[in-house]
Amino acid sequence: SIKMKKLLLFIFLVPIYLSAQIAVFHPVKVPQNQAEKFLEIETNYSQKIAQDAVNKGNLVWWALMKSFNTTNKDYNYMWVNVYKDIDSATSPSASWWTNSEEIVGVKPQLLYDGWTIESDRRYYYQIKGQINTEENGKFVLFNFGTPNDIDKVLDDSENIVSPIFKKVMKSAGMTGWGYATKITPQGSDYASFMTYDAFNNMSNLMKHLSGEGKAIKALDFKRLEPLNFDSRYILEVISSTSN
């Protein structure tokens with residue numbers, strides 16, 4: 001089952017090439033009998049409010065993600081908010097959803113209160129590097145671990161993995177790749193490092209996860225610092241903002 005403690009999630013599905021951005025993730029568990037209403041609000045209201053925040057420069061990107069292959073005990077949806085830096089992520093404007101009445105004519109409490117949704121804490125991550133095609137990803141594989149030598153893993157990611165993936169990712173159906181380190185929470189129960197692999201369809205993602213995809217087969221793991229991922233999860237992009 002998904003352990004959201006270790007979900008360092010950041011979805012680089014838009015063509016952004018800057019590092020040091022901050023991603024904030026908020027997992028939730030939506031009961032099946034509320035899912036239809038939840039999705040209606042998120043796609044018809046929340047997306048528009050988030051897009052306004054992007055247009056105003058208060059937000060870089062927003063998405064609603066749905067977890068793949070879950071049980072009724074798992075967090076099954078997650079909000080992703082990406083900010084340009086730490087200052088933006090911690091400023092009053094970071095709470096962009098409070099502008100709902102101005103943007104869509106509905107007060108925040110009417111949109112978000114009254115649910116029996118179970119909410120997890122928010123998780124903050126710093127993006128260290130990423131590469132993207134111009135195609136938005138539809139499915140994303142997240143890989144989480146705690147390397148013994150994080151500095152070496154970051155160096156390998158920049159100087160070995162990134163150049164290889166840039167050459168083969170389009171032919172592999174990969175729309176984006178990146179890596180990040182945790183800001184908070186930290187501790188022995190939390191992975192300290194994450195990579196993501198975004199794909200245009202589930203088939204190409206599954207090939208990558210199984211070790212048969214073109215991108216993963218292009219890597220020479222003998223050159224890389226050993227990194228055993230604690231967990232690997234798939235999420236689907238349900239709704240998102242655009243640049």
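The largest nonpolar core of this predicted model has 25 residues, and Phe38, Leu59 and Trp96 have the most contacts inside it. A nonpolar core here is a set of buried Ala, Val, Leu, Ile, Met, Phe, Trp, Tyr and Cys residues joined through side-chain atoms within 4.5 Å; buried means under 20% relative accessible area, exposed over 50% and partly exposed in between, with a 1.4 Å probe and protein chains only. At least two residues of this core come from each of β1 (22–29), α1 (35–55), β2 (61–67) and β3 (77–83). The top contributor is α1, with seven residues. Helices (H or I, at least four residues) and strands (E, at least two) are DSSP runs, numbered from the N terminus. Apart from this core lies another, of 24 residues, among them Trp61, Ala63, Val82 and Tyr190.

As for Phe38, its contacts (heavy atoms within 4.5 Å), leaving aside neighbours within four places in sequence, are Val28, Val30, Leu64, Tyr77, Trp79, Trp115 and Ile117. Residues are numbered from 1 along each chain as its sequence is written. Local features need pLDDT of at least 70 and side-chain atom pairs count only at pLDDT 80 or more, while totals for chains, interfaces and linings use all residues; side-chain values use heavy atoms, with hydrogens and water left out.

At 7% relative accessibility, Asn81 counts as buried. Its side chain makes a polar contact with that of Trp96, at 2.7 Å. Such a contact is a pair of N or O atoms within 3.5 Å; within protein, one must be able to donate a hydrogen and the other to accept it, and residues adjacent in sequence count only if both atoms are side-chain atoms. Leaving aside neighbours within four places, Asn81 also touches Ile22, Ala23, Val24, Leu59, Trp61 and Trp62.

Then there is helix α5 (residues 150–168), whose 19 residues reach 25 Å from first C-alpha to last, close to the 27 Å expected at 1.5 Å a residue (1.5 Å times one less than the number of residues). Shortly before Pro163, α5 has a kink of about 40° at Val161, the bend being the angle between axes fitted to the seven residues ending there and the seven starting there. Buried residues of α5 include Val153, Leu154, Ile160 and Phe165. The buried residues of this helix pack against β5 (123–132), β7 (174–184), β8 (193–199), α6 (202–210) and α7 (214–217).

Overall, the protein chain has seven helices and nine strands, and buried residues make up 52% of its 243 residues.
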